Every structure is written in structure tokens, then in C-alpha cells.
Amino acid sequence: MTETLRWRRGMPMVRRVSPDDAAGSAELDRLEDWTGLDPRGRAARAAEVELAAARAGDTATEMRARLIQADVAERGGDLKQAVAIMWQVNEWAHQYGHRYLIARSHLLLGRTYRNMGDVAALLEHVVTAVEHLDASVPPRRRLPYIVKYADALTETGSIEAARERYRQAVELARYSTDVRDEILVLNNHAYAEYLSDEPERAWALIERMRAAAAARDHRLDPNDLDTVASVQIALGRYAEAEQTILEAITAYPEGHQEADALPEFLLTLAVTRRLQGAAEAARDTLAECRSLCAAHGHGEILVRVLQEQAEWYAQAGDYQRAYEEYKRFHAAEKRVLDEQREAQARTRQALFEVNEAREEAERFREQARRDPLTGLRNRRYVDELLPALIGRAQANGTPMWAAVLDLDHFKQVNDLCSHEIGDQVLVMVAALLADTAAGLGEESAMAARLGGEEFLLVFGGYGHAEALAVLERLRRRVAAHPWRQATGDVPVTISIGAASVLADSTHPTLLARADAQLYEAKRAGRNRVRTAGQPAGAIR
């Protein structure tokens, strides 16, 4: 295997589909789960799906198919093209709130950066991917994300945190009828413990993996067996390890493994034979492995073959040859590292060019969704995000409020004090509103300027009485601010109308109900709060 960790891989599909497009979705599921598929055929079929989706105006499917092609391109070494597409899909997904494509694109970006040696970026992207899994995603579809999260934690040295995620993954696997899901978790967790120098822990997990496979009449695949053999070597069970890796090699043609899997297995076999004292068998296995590496360009494995060859000479007592082989090993290691650094430099340059364009687009995107005067989010951003927040509140059954705020008699401030003073007032009210949103301790709390002297505060997790108290504090805070320094005798107050999310609320109906309450507050004399309460059908 070329990756540091021998993780079993799989990419889930989480988009909810109708019966009409279930067949197409199932095909995309299959194309995303790359194991065993011919890369060229996979990319070609994804291109056909992309074209059909474009003709049908199905942009989400088009983007999903495009991301599959990026996955194939990255695995084939075309990083610049792959990363450009990944970021393109990621941008589209964020813009339109397509949570599955946000999650999947981050997962692929994490793998791409990891393959360049940036494990910190792997963790960052995987965390983002997990965060964007919708609450409605079935447990089995969440499983590969949680496992990959645990794998990333292992690679960054956080084995305790990784163990907790593996435990979560075990619970998710209980919802699956496919034994391979349980095997996925146990295999990856066992290999994580092996890498963390905890072979006894790893072996306990392997025994569970074997028992689960036997109970369901399932054969472990070659990668699973390679994990078993690695742990057996760490425990000193060399003869058992030899039999295990021989089983993996025998099963290899059936398993559709990575191109470098067979030389990896042969190297493991050579180690088991050397450690058992079978010098000739170990030498012959090393020669076969070395030949495969030279023929197919597996430079990193070839370096480890030279290291093992030196160990073989040393064990045979031929210290002169061992020394010479170690020199060749170190020279080869340096050459491979230099080649890797050069390749990484080229890749990072390509990524820099892609990221530079992406960041510029992101800056424009951010500017288009911010009010230039106050720095708050603007109506465009509200129109994009609020439907998703409403849907989440309805799905989770948690309360959420939208409060529309309007400055009272603001025209007097502009007419009597100047428009410059009016702008200062708007900026200060925006600051007080943003501070209130930040102090709510609620992740989805949002402050925005809707236009003119009208603002919006969205927040969740509060019942009617508590929400009313929040808004009353904000109203009093605005009224008590020392405005005299700017506006003289002209007072500055706000009226607030708020409405809670109902089971049938939509973005327009929620704001309309809040607007109606704002009108009631104005009609009642201004500088006050009115709420729609929680009538029957409200989300509590």
C-alpha cells in the first residue's frame, strides 16, 4: 500500500432521493465506492452521467459525477486538475447548501493533502466533512466518515480521541446488515493500535473481527489479512503471520487491491520467513518483491526491501554485505525522499495556483454576502442560509426564532443630525446586535442587516419566555446607549417583532410573521418587543 495507513476505504451517499431517480443514485453510489472498479471505465461512466445531468438541468448530480472524475484524476496523479474540480464542487456545494457534496468534497480534499504528507490538513478537512453530515443521514451512511475521522486522529497522534471515534463507529455499524461495515471499523481500529505500539489491543480487535466474519460466513479480504499479519509479527507469532499473509497473497487476484498491494504482501512474507530463520525462502521472496517493485516503479517499497535485505545479511552473519546493503538503503531512501520533495513542490505550486484563484473567488463571494457599512451579513446571505436553519430546527424539533428589528423614527436622525451621523448610528446598532448574537452561545445565531434601518436576529434553543428576555435586553441596551454624543437630543430606539419556527414554516412565512409582530410593536408606540408566541404547531 502506498498510504501510511492501510485503511479500508468507502465513500457514502447521503442525498435523499425520490423513487424516480433512485436507480441513478444507486449507480453514483457504486461509482463513488471505487474499490474494484476500473479507473478509466469509472471516469468514463461518470462523464456520461455528468453530461446527461447537465442536459436535464440536474446540477447536483452533475457536480457529484464531476467529483467522481476528480477522485479518479487524483488517484492517477493529476493533482492540479483534480484539486481544481474538488474546490469547484466545494464552492458550489457551499453556495447552494448541498451538505452531502460539502462533506464529500472535503473528504476528498483531505485525502489529497494527506497524500502530499499534510496530515493536519487531512484532519481539518475530515472534521469539516463530518460537521456537514445532515442529521437525517442514516447511521450506515455516517459510518465511513466517522471511521476516516478516527483514522485522521490516529495519524495526527491522538490515539485516545481516535478510540472514542472508533467506538462511535462500532455503534453505527450495528445498524448495518452488511458485515463489511463492522469489519471496516475493526480493521482500521486494529491497525491504529498497531501503529500506536499497542499490539495486545490490536489483537483483541482482530479476534473480534475474525469472530464477526466467521459468524456471517465472510472471508476477510487481503488488506484485512495484511493487518492481521502485521499484528502477529508485532506479537512474535511469526509462523501464524506467514500463514496469514500467504492467504492474503492467494486471495489477491480476487480482491481488486491497490497496485502496490502484492509487493507489500511479499515484503511482509519475507519478514515472517526471516524471523523464523528460513533464510533461503526469505531471500527468494525478497527477490520476487524487488523484481515487482523495479518493474512497476514502487520506489518507496523498494527502499524498504533494501532495508530488509540488510537485515537478512546481518542475521546470516554477513556483516560486510549487510553494511553495503544499508548504504544502498540509505542512498535509495534519500533519492526517494528527494523525488517526493520535488513532486510535492510541483504539486504545491499547482495547488497554490488553484487556491489563489479559489481564495479570490471566496473573497468576492464573502463581499457579496456582507453589508459594506456595518459588516453584518446581508439579505442575500439570509436568503441562502435561513431555509437550511429552518429545516434543521424542524427536523430536530428544537425552537428557533427570527426577530426583525427596525430603528424608530430613523428619518429624524438623518434629517436633524446628518446622514453621516445616521451611518454611525447604524454601525453602532449593528455592533450591539452582533454582540448579542455572539453572546447567545448558539452556533446558528445570526445577525444581519436586511436593508436601510432594518435588521434581523436569528437564534435557536430558547423557549418563548427566554427568547422574549433576550430581545428585551437588546432593546433596553440600544435605548440606554449614550447616543447624545452623536445625536444630541434625538433619541435612538428600536422596535422588535419576532416569530418562532412552526412545523410548516418557510423562509418567507417566518419573516412575514416576524414583520407582522414588528408592525404591532410600532402601532403600540414603538421602542418595544412583540412576539408571535408559540401557538399550536410550533416547534418546541
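What share of the contacts in the chain with a separation of 6 or more comes from residues 24 or more positions apart? The share is 64%, with contact meaning heavy atoms within 4.5 Å. This is a predicted model, in which local features need pLDDT of at least 70 and side-chain atom pairs count only at pLDDT 80 or more, while totals for chains, interfaces and linings use all residues. Residues are numbered from 1 along each chain as its sequence is written, and side-chain values use heavy atoms, leaving out hydrogens and water.

**Overall make-up**
- The chain has 22 helices and 5 strands, taken as DSSP runs (H or I, at least four residues; E, at least two) numbered from the N terminus.
- Of its 540 residues, 49% count as buried, that is, under 20% relative accessible area with a 1.4 Å probe, protein chains only.

**Nonpolar cores**
- The largest nonpolar core holds 45 residues; such a core is a set of buried Ala, Val, Leu, Ile, Met, Phe, Trp, Tyr and Cys residues joined through side-chain atoms within 4.5 Å.
- Elements giving two or more residues to this core include α3 (59-75), α7 (139-155) and α9 (179-195).
- Leu101, among the residues with the most contacts inside the core, touches Val89, Trp92 and Ala93, among others, not counting residues up to four places away in sequence.
- A second, separate core of 33 residues includes Cys417 and Leu474.

**The α7 and α8 pair**
- α7 and α8 pack at about 165 degrees, their axes 8 Å apart; axes are lines fitted to C-alpha atoms over the stretch in contact, and angles run from 0 to 180 degrees between N-to-C directions.
- That angle makes α7 roughly antiparallel to α8 (over 145 degrees).

Key:
Buried means under 20% relative accessible area, exposed over 50%, partly exposed in between (1.4 Å probe, protein chains only). Angles under 35 degrees count as roughly parallel, over 145 as roughly antiparallel, 65 to 115 as roughly perpendicular and the rest as oblique.
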